Amino acid sequence: MKQIILLCMLSLCMSLHAQKYMTKTGTVNFTSKAPLETIEGKNKAVSCLLDSETGTIDFIVLIKSFVFDKKLMQEHFNENYMESDKFPKASFKGQITNLSAIQFSKDGEYKADVKGKLTIHGVTKDVSYSGKIIIRSGKLILASSYSVLLADYNIAIPGPVKDKVAKEVKINVQVSLDQMK
């Protein structure tokens, strides 16, 4: 009986210590710098869920939520390049690999290394990225920058616009997560 009570108490303590954080209003921006044009897309409807006990992290980005300065760019992005009706979202499912270096209960800035699967345009690739986690008064801010080769995700650049669209785009991610209650 004592063992059962001890296991129940241990389970309760572990579940109280485990914290999940989330947002539905994160930001992902990308920049394509080509010889003839720089194209920027901004998305402020990014969902993210982070489990501080396991280090599991999930992102979902709705492709049609990217906004551009020029309406025509947005139309070409969705119809010609990303085929957003066919591939409506991009996602990342992964793990923080240096979880022990991050003190979720203590304010500070921590380097975070993640490894997981990035899916864009229906193609899934194993990836590893570094970023940072900033903790302030129980709120988490995740930030990372990395580059993606369009060809790796079967995103074709038609010949007539090859000097207007870069083969490699820079991605910037910033999400502010609140603790789930």
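Let's start inside the protein, where the largest nonpolar core brings together 46 residues. Those with the most contacts inside this core are F59, F104, L118, I133 and V148. Bear in mind as you look around that this is a predicted model.

Setting aside its neighbours within four places in sequence, F104 is in contact with Y21, L50, S52, L99, I133, I135 and L140. I133 is also among the residues with the most contacts inside the core.

How confident is the predictor? The average pLDDT over the chain is 90, and 90% of the residues score at least 70.

Now let's turn to the aromatic rings. The structure holds seven aromatic pairs. One of them joins F30 and F68 in an edge-to-face arrangement, with 5.8 Å centre to centre and 65° between the planes. This pair links distant parts of the chain, 38 residues apart. F30 belongs to strand β1 (residues 20-33), while F68 sits in the loop between β3 (56-62) and α2 (71-81). Are these two residues buried or exposed? Both F30 and F68 are buried.

F68 has a further partner in F77, and here the pair is tilted: the rings are 4.9 Å centre to centre, with 50° between the planes. Like F68, F77 is buried.

Note on methods
Residues numbered from 1 in each chain as written. Predicted model: local features only at pLDDT ≥ 70, side-chain atom pairs only at ≥ 80, totals over all residues. Heavy atoms only, no water. Core = buried A, V, L, I, M, F, W, Y, C linked by side-chain atoms within 4.5 Å. Buried < 20%, exposed > 50% of the residue type's maximum accessible area, 1.4 Å probe, protein only. Contact = heavy atoms within 4.5 Å. pLDDT = per-residue confidence, 0-100. Phe/Tyr/Trp six-rings, centres within 6.5 Å; stacked < 30°, edge-to-face > 60°. Helix = DSSP H or I, 4+ residues; strand = E, 2+ residues; numbered from the N terminus.
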